[in-house]
Amino acid sequence: MAGVGRTSILAIALACAPAAALAQARTADVILTNARVYTVEKSQPWAQAVAIRGGKILAVGPAKTVARTRGKRTRVVDLGGRMLLPAFGDSHAHPLFGGLTYARCPIVDGKTVEQYKRLIAACVAKTPGTGVVYGVGWAQTNFPGISPRKETLDAISRDRPIIFGSFDGHGMWANSKALELAGITRDTRDPPNGKIDRDPKTGEPSGALWEFSAMALLDRLIPPPGPAELQASIRYVVRHFNSLGITNWHDAGVEFADDGSSDMVEAYRAVRDAGDLSTHVVIGLKWKNERGLDQIPGILKTAARASGYGLNARSVKYYLDGVIPQHTAAMIEPYEGTAERGKTSIPTGTLRAAITDLDARGFQAHIHAIGDRAVREGLDAFAAARTRNGAKDNRHFISHMNMIDPADQPRFGQLGVYAGLQPYWASNYDDMDLQKKAIGPKRTASIYPAANIVKAGGKLAYGADWPVDSANPLDGIQVALTRTNPQKPGSGALGPDQAVTLAEAIASYTLHVAQVNHIDQRTGSIAVGKDADLVVLDRNLFELLPAEISKAKVLLTLFAGKPVFGHVGSFGRASSTR
């Protein structure tokens with residue numbers, strides 16, 4: 001080694017040293033020890049202790065090795081054998097919609113039409129005046145024929161407009177006054193890719209509007225949230241997600257203007273500047289389906305403005321189709337017993353051109369696709385972008401994908417496209433019954449083919465689509481392993497051959513979400529140098545039966561080493577060397 005200086009020798013030695021040994025020159029602020037540490041790192045999946053300094057992971061490994069980072073002021077916390085994981089992520093959430101769901105006349109707890117009537121009547125009584133009463137939370141499965149009717153709301157009030165959004169964001173329910181003020185009559189045509197339910201005898205609007213283009217007919221009647229309400233929604237979701245061990249999410253569909261302004265981006269900035277944004281966030285800007293490539297300059301301006309605030313808005317969300325029960329999801333073959341196939345909401349040429357253009361500029365594409373034809377068109381668009389631009393590290397992904405044609409399942413691995421599945425949906429429940437009826441038994445056998453994607457080399461990145469379903473990753477992990485709904489254990493498994501392993505499910509809620517969000521060098525696994533985004537569970541998931549996983553509890557969530565849920569002192573006496 002002639003000619004190699006002392007500094008170079010030290011650098012080589014450090015590069016070859018075990019992870020825990022890198023900490024010898026510095027002492028930890030906190031050591032979490034006597035734990036079942038699952039790192040989600042293939043080279044070192046299990047450990048006993050983690051040392052934290054300055055919000056970063058200083059060491060991870062055997063308890064005796066990590067203990068060498070202990071100094072005079074180090075706080076040592078004995079976790080009593082509990083499980084320590086990297087904090088969870090969520091690849092697909094709707095914080096504004098979810099926050100407002102609980103802030104504006106929530107009816108999510110209603111299970112029958114009569115319960116909805118009582119909840120809405122109470123909101124009307126609490127809101128004097130003649131203005132619109134607006135809320136969110138009804139489920140189509142609670143209505144005969146899956147469509148709500150205006151007469152139900154007319155019985156509460158015919159003098160003031162009443163408008164309620166569905167829990168999944170794909171439908172609006174309006175009374176006669178709201179329809180009148182919006183100018184929706186029997187002569188109003190269904191907008192492109194939208195549907196106005198009508199009375200089969202009279203042809204009059206019956207009260208339900210499906211998909212964004214139809215729902216938009218009511219937009220001008222609904223008062224937009226102000227800055228304080230937007231910030232309150234974000235803070236609500238931060239607290240809720242932190243309590244579930246989540247410190248990393250993707251906001252799937254934020255509105256913006258052509259001048260680059262966005263009320264939601266400003267709200268994120270305000271919450272972050274106040275020190276209340278205890279999570280990593282990627283902002284997905286919502287593609288306007290009614291427009292074309294002319295909106296790209298506005299996307300670039302908004303992303304640049306967000307970047308100036310220290311926020312990441314270099315992702316674009318495309319709503320490519322609807323949902324299966326209403327036959328608005330785009331399918332390769334017709335719905336059972338019909339000639340309907342559903343339609344995609346963005347012209348094929350426009351989708352390919354937009355994704356190719358923005359891919360070349362380093363933007364990620366995030367596609368909502370539920371039907372198998374929509375999934376195929378999304379994958380085709382990614383393939384076209386790769387042909388034009390070459391392989392880029394933009395980490396595109398598609399969310400939902402209730403149906404994926406077998407020929408398309410290997411393409412996720414081939415194209416490097418992440419599958420943003422909602423694992424909780426891969427089970428039998430009320431809405432699944434509607435889907436099965438719409439697509440028939442043959443196609444039901446291939447709903448949510450998670451295992452096939454993994455076997456073919458693809459990666460899953462889990463999200464809840466909250467508030468559509470539980471944001472609790474432990475609920476999602478259990479369903480991913482069992483394909484059985486925790487709320488309906490007797491309903492049987494949905495495609496049990498598509499279950500994944502526990503290790504795969506955990507990675508899909510941690511490291512893979514961090515990869516999708518381009519922050520896997522900072523978080524998503526427990527490794528030296530990464531942020532100390534960690535979660536402590538009351539039991540080891542690997543020692544539980546799959547059907548028991550949702551019973552585990554989050555005891556502590558750390559974001560950059562600081563508790564954002566729970567208390568370090570709750571694990572008994574914490575010691576320090578003085």
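Before you start, note that the model is predicted: local features need pLDDT of at least 70, side-chain atom pairs count only at pLDDT 80 or more, and totals for chains, interfaces and linings use all residues. Numbering runs from 1 along each chain as its sequence is written, and side-chain values use heavy atoms, with hydrogens and water left out.

**Stop 1: the sheet.** Select β9, β10, β11, β13 and β12, in that order across an open, mixed sheet of five strands. Strands here are DSSP E runs of at least two residues, and helices are H or I runs of at least four, numbered from the N terminus. Two strands pair if DSSP finds at least two bridges between them. β9 (133-138) and β12 (195-198) are the edges; each has a single partner strand, so one side of each lacks a neighbour in the sheet. From one strand to the next, the twist averages 25°.

**Stop 2: inside the sheet.** Now pick residues 162-166 (β10) and 171-174 (β11), an antiparallel pair with three bridges. Which residue in β11 is the bridge partner of Gly165? Look for Met172.

**Stop 3: the helix across.** Angles run from 0 to 180 degrees between N-to-C directions, with axes fitted to C-alpha atoms, for helices over the stretch in contact.

**Stop 4: two helices.** Finally, select α16 (residues 473-482) and α17 (residues 502-509), packed at about 145° with axes 9 Å apart. In contact (heavy atoms within 4.5 Å), Pro473, Gly476, Ile477, Ala480 and Leu481 of α16 meet Leu502, Ala505, Ile506 and Tyr509 of α17.
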